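User: Hi! I'm new to this one. Could you walk me through it?

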Amino acid sequence: MNGNSGTLNLIHANLCDAWTTGVVFLAETRSSELAPEFRELTAARGFPWWAVAGLLLVALIIAAIYWLTLQLRVPAIPISDDLTLELCRAHRIGLPHRVALDHVARLANLSQTAELFLSPVGFDQAVERAEKKKRLRGGQKESLYLVRRLIFGDTHND
């Protein structure tokens with residue numbers, strides 16, 4: 001054995017002591033164990049269902065938050081396409097908008113992100129196809145409309 005066996009034995013002994021102490025503190029006193037004059041003062045208690053309901057509610061909230069973060073998260077995608085990078089520089093499109101464009105191009109199954117720069121109709125169609133695959137957040141939509149306005153110089157009409 002190595003020199004850690006003494007440490008492990010000490011940890012095991014401390015865990016056993018903590019378990020024993022916890023069991024003693026959590027011990028329940030039954031009304032039959034009380035003196036007769038105190039039996040009338042204690043109310044008959046049932047199982048605390050409100051605590052179980054509270055724990056389930058907290059678990060549901062945590063699961064909902066986790067699910068929302070997975071659904072709404074936009075992965076940070078580096079743009080490896082030089083043409084798209086140059087077009088974004090020419091139109092003064094920042095990095096967050098570039099990532100949104102690349103995200104839409106991937107969801108719309110475009111071969112290159114630069115295809116979004118060809119026409120406003122093609123841009124709108126790509127955004128619609130991307131939105132059918134995965135819901136875009138309000139901030140992403142606003143970002144895409146801003147990019148559309150920067151590229152094509154007009155506003156998006158719904």
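**Helix 6 and its surroundings**

Analyst: Happy to! The buried residues of helix 6 pack against helix 5 (95-107) and helix 7 (138-152). Contact here means heavy atoms within 4.5 Å, and buried means under 20% relative accessible area, exposed over 50%, with partly exposed in between (1.4 Å probe, protein chains only). Helices are DSSP runs of H or I with at least four residues, strands are E runs of at least two, and both are numbered from the N terminus. This is a predicted model, where local features need pLDDT of at least 70, side-chain atom pairs count only at pLDDT 80 or more, and totals for chains, interfaces and linings use all residues. Residues are numbered from 1 along each chain as its sequence is written, and side-chain values use heavy atoms, leaving out hydrogens and water.

User: Which residues are buried in helix 6?

Analyst: Phe-123, Asp-124, Ala-126, Val-127 and Ala-130. They sit on the same side of helix 6, because they cover an arc of only 160° around the axis, taking directions from the helix axis to the C-beta atoms.

User: And what's exposed on the face turned away?

Analyst: Val-121 and Lys-132 are the exposed residues there.

User: Switching topic: how many aromatic pairs are there?

Analyst: A search of the whole structure finds one. The ring centres of Phe-123 and Phe-152 are 6.1 Å apart and the planes are at 75°, so the pair is edge-to-face. Rings of Phe, Tyr and Trp (its six-membered ring) pair if their centres lie within 6.5 Å; planes under 30 degrees apart count as stacked, over 60 as edge-to-face and the rest as tilted.

User: Where do those two lie?

Analyst: Phe-123 lies in helix 6 and Phe-152 in helix 7, so the pair ties together parts 29 residues apart in sequence.
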